[in-house]
Amino acid sequence: MKTIHDSGSSTDCHKASIMQFDRAADLMELDSALRQWLNTSFRELSVRIPVRMDNGNVQVFSGYRVQHNNVRGPHKGGLRYHPDVSLGDIRGLAAWMTWKCALLELPLGGAKGGITCNPKEMSFGELERLTREYVHGIGDLIGPYKDIPAPDVNTNARIMGWIMDEYSKRQGYSPGVVTGKPMELGGSPGRENATGKGVSMVVSRWAEKENKRLDQTSAAVQGFGNVGYHAALHLSRLGCKIVAVSDSTGGIINEDGLDIEAAGRHKKIKGSLSGFAGGDAVHQDEVLIFKCDYLIPSALQNVIHGGTFEKLQTRIIFEAANGPICPYTEPKLPGAGITVLPDILVNGGGVTVSYFEWVQNIQHFKWKDEAIQLELQTIMHRAFDRVIVLAEERNVSYRIAAYILAIDKVVRAGHLRGTYQPHI
Ligand code: NAD
């Protein structure tokens, strides 16, 4: 069964994205019709996905694809597998993709997808059948020039390969329908670690701005998946002392610095950080409040809230995850001496290299890794510098500055295309 504009629940990511948008829109004095156009999804699809489980029973899952805005290019956004996935969250995550792509000046719009499931309790075969059936459900919406999914929480290159295969069976060979694919199927050099690498580029640019060497700094990283692991690894290679890391099973702290490569090897073999001997084991929530210069939440949304923010022992938060700070708590952070570098800037490295992958697929040409790293750095630094300059000029937070830059680009494109023309 498919329903367009399923009501969905208004959960944190959706609320957070609206509250953040409104703060910038107020300063920009946007009129109400423009706000409505920018602040609601273009299209929302909800699908039911029947899957034959290994025990012979059929289980029916709920899946979503939300397209927020495509005035600057095809919709683009990750696919999340998690028990808490809801239409409301996917809505907010889709809007953040629009603002992220605009801020980074990538010719792409915003979208997000998700399936409410617990992939940790599913076999490889069940995940493959789930993914293929989901592509069957959303197949009319996606395509290389329509909407291009990518990995997000609990999805990976293997799953992207199944999406490419299922779509290509119907439409002909179409590597550009999805990014984050295995290299053998048209994936790009540098995509797997791109988000974490981008995070490390933003952190090191910030350290430069503060006239600090990275080997004089320390960081705590919450989440040790694709983003958290690669962010921690690249920062440690640049000299930053990683004093705490965590995953959903627990945290590890070491004031002298953790060996991130060893922690990564441990996680690969054991499936979690639990039991890693390179530091002291703590509850995962302790990592968020561990003393450090830079806190890098890299797991899920809404983890810094009224119950945690007063215990924070950091000066700067780099939002590597999407929406890790509760929007009601954020206004209190400056008073506590805490600065926030926003997600739509900090974790933009992933979609940037996804864009490079898409371009390579369309060109049927492979770029070299060095070219990708150089372009990634150019785009991340340019966006960072613009955010810093505008925030200082307008005396606003870095998040509001990032939103103003992004909204302005979308509004201009809408105006020029005639999609949204305020004055005729
Ligand atoms: P992932 O599934 O690879 O990793 C998530 C990690 O978070 C896992 O290590 C998990 O154990 C951990 N985690 C979950 N709950 C936790 C808790 N309570 N405490 C500590 N750790 C916890 O996902 P990912 O791709 O790394 O995505 C992480 C975040 O980054 C998400 O917000 C996602 O939307 C965002 N993001 C991802 C990409 C990408 O390219 N993958 C790009 C941009 C933004």
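Start by selecting Thr 131, which touches Tyr 81, Ile 159, Trp 162 and Ile 163, leaving out residues up to four places away in sequence. Contact here means heavy atoms within 4.5 Å. This is a predicted model, where local features need pLDDT of at least 70, side-chain atom pairs count only at pLDDT 80 or more, and totals for chains, interfaces and linings use all residues. Residues are numbered from 1 along each chain as its sequence is written, and side-chain values use heavy atoms, without hydrogens and water.

Thr 131 sits in helix H4 (residues 124-138). Helices are DSSP runs of H or I, at least four residues, numbered from the N terminus. Thr 131 is buried, at 0% relative accessible area. Buried means under 20% relative accessible area (1.4 Å probe, protein chains only).

Next, select Trp 99. Trp 99 and Phe 318 touch the most other members of the largest nonpolar core, which has 90 residues. Such a core is a set of buried Ala, Val, Leu, Ile, Met, Phe, Trp, Tyr and Cys residues joined through side-chain atoms within 4.5 Å. Helix H3 (residues 87-103) gives the most to this core: eleven residues. Beyond four places in sequence, Trp 99 contacts Phe 21, Leu 38, His 68, Ile 344, Tyr 403, Ala 406, Ile 407 and Val 410. Another core, of 26 residues, lies apart from the largest one; its members include Val 51, Cys 117, Ile 142 and Trp 162.

Last, show helices H6 (residues 194-209) and H7 (residues 226-237). Which residues make the contact between H6 and H7? Among them are Thr 195 and Val 203 of H6, and His 230 and Leu 235 of H7.

How values were computed: Buried means under 20% relative accessible area, exposed over 50%, partly exposed in between (1.4 Å probe, protein chains only). Helices (H or I, at least four residues) and strands (E, at least two) are DSSP runs, numbered from the N terminus. Axes are lines fitted to C-alpha atoms, for helices over the stretch in contact, and angles run from 0 to 180 degrees between N-to-C directions.
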